[in-house]
Amino acid sequence: MVVRISEERFDDVPDFDYEPEYVDVGELRMAYVETGGSGDGGGDEETFLCLHGEPTWSFLYRKMMPILAERGRVVVPDLIGCGRSDRYEDRDAYSVEMHYDALETFVEELDLTNVTLVCQDWGGVLGLPLAVHRPERFARLVPMNTGVPDGTQEMSDRWHEFAEMVATADDLDIGRLVRNGCYRDLSEEVVDAYRAPFPDERYMAAARTFPALVPTSPDDPGAELMAETQERLGEWEKPAFVLFGREDPITSHDRDPLRHHIPTATEQPDVWIENAAHFLQEDAGEETAERIVEFVDRT
């Protein structure tokens, strides 16, 4: 069953006065917000595609959007099951393939080109495969606190504990998950904004299933796509800037291997975002956006 979130859930979200728009991706609607750019959708326009991960939504990029918008068009979708996007109530309806296909359809329907991909967490797990399989649409990569899990990687005990908790907790508090993934404290108003898309269990299937979709064996669904992505990333010739928050206990160890795997990444400054954890968009959104604009300007 497809569930659609009420717009009233977002009435009290602070500092995010963007009018949502929607793209049909099969039987579901994918929501997005947009700012900046010339408005004519020209193919040469600098475009930032900003992809969030588990368990957030486009609100995560609110500190970065105004800065990026000074340089080009900024498009920030909500992944299926998140934010204002439609969702399946049945957990079994979610897969890497479903999420990937929805994102690919979204990019095709908006005909996004000359894209700088800004991606974190599952935004990278889905966005990096799309970029290397559709390179004609992408100009640059900015992976942030993310990876390309092909099933051969080691997952920490802390990650397994997190995955088990998300899947089985009787009362999953999305706001608390985001707060725990930040270096800086969040106001209750902001924490509530992350809870807004998840009024009750019917709306939480995507948040519940994301960790379990990470391939932990080469035989898992999605592992082949990730292995192909690893191979193609190793041949990537366009600019790439790997930009991680230093205080992230979950993904910080992925930063150096990813930076050295993408051939062009070591051509860019060797930078960590200090005093920032997993959700570096929250902890240091303005600094992160400024570094991305500098990257675009020098490439």
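## Helices and the overall fold

Helices here are DSSP runs of H or I with at least four residues, numbered from the N terminus. With that in hand, let's look around this predicted model.

The chain holds 10 helices and 10 strands. Its radius of gyration is 18 Å, close to the 19 Å that the globule rule gives for 299 residues, so the chain is as compact as a globular protein of that length. The C-alpha trace spans about 45 × 45 × 40 Å along its principal axes, and 58% of the 299 residues count as buried.

## Salt bridges in helix α10 and beyond

The count of salt bridges comes to 24. In one of them, Arg-291 meets Glu-287 at 3.2 Å, N to O. These two residues sit 4 residues apart in helix α10, so about one helical turn separates them. Arg-291 is partly exposed, with a relative accessible area of 27%, and Glu-287 is partly exposed at 29%.

Helix α10 (residues 280-298) also carries Glu-282, which pairs with Arg-62 through N and O atoms 2.6 Å apart. That pair links distant parts of the chain, 220 residues apart, with Arg-62 in the loop between β4 and α1. Both Arg-62 and Glu-282 are buried.

## A negative patch on the surface

Which residues gather in a patch of negative charge on the surface? They are Glu-8, Asp-11, Asp-12, Asp-15, Asp-17 and Glu-189. Of these, Glu-189 belongs to helix α6, residues 188-195, and counts as partly exposed because its relative accessibility is 48%, between the 20% and 50% cut-offs.

Technical notes:
Residues are numbered from 1 along each chain as its sequence is written. This is a predicted model: local features need pLDDT of at least 70, side-chain atom pairs count only at pLDDT 80 or more; totals for chains, interfaces and linings use all residues. Side-chain values use heavy atoms; hydrogens and water are left out. Patches are made of residues with over 30% relative accessible area and no salt bridge: like charges are joined within 9 Å, nonpolar side chains (Val, Leu, Ile, Met, Phe, Trp, Tyr) within 5 Å. Accessible areas come from the Shrake-Rupley method with a 1.4 Å probe; for residues, only the protein chains shown count as cover. A salt bridge is a side-chain nitrogen of Lys or Arg within 4 Å of a carboxyl oxygen of Asp or Glu. Lys and Arg count as positive and Asp and Glu as negative; His and the chain ends are not counted. The place of a charge is taken as NZ of Lys, CZ of Arg, CG of Asp or CD of Glu. Buried means under 20% relative accessible area, exposed over 50%, partly exposed in between (1.4 Å probe, protein chains only). The radius of gyration is taken over C-alpha atoms; the globule rule is 2.2 Å times the number of residues to the power 0.38.
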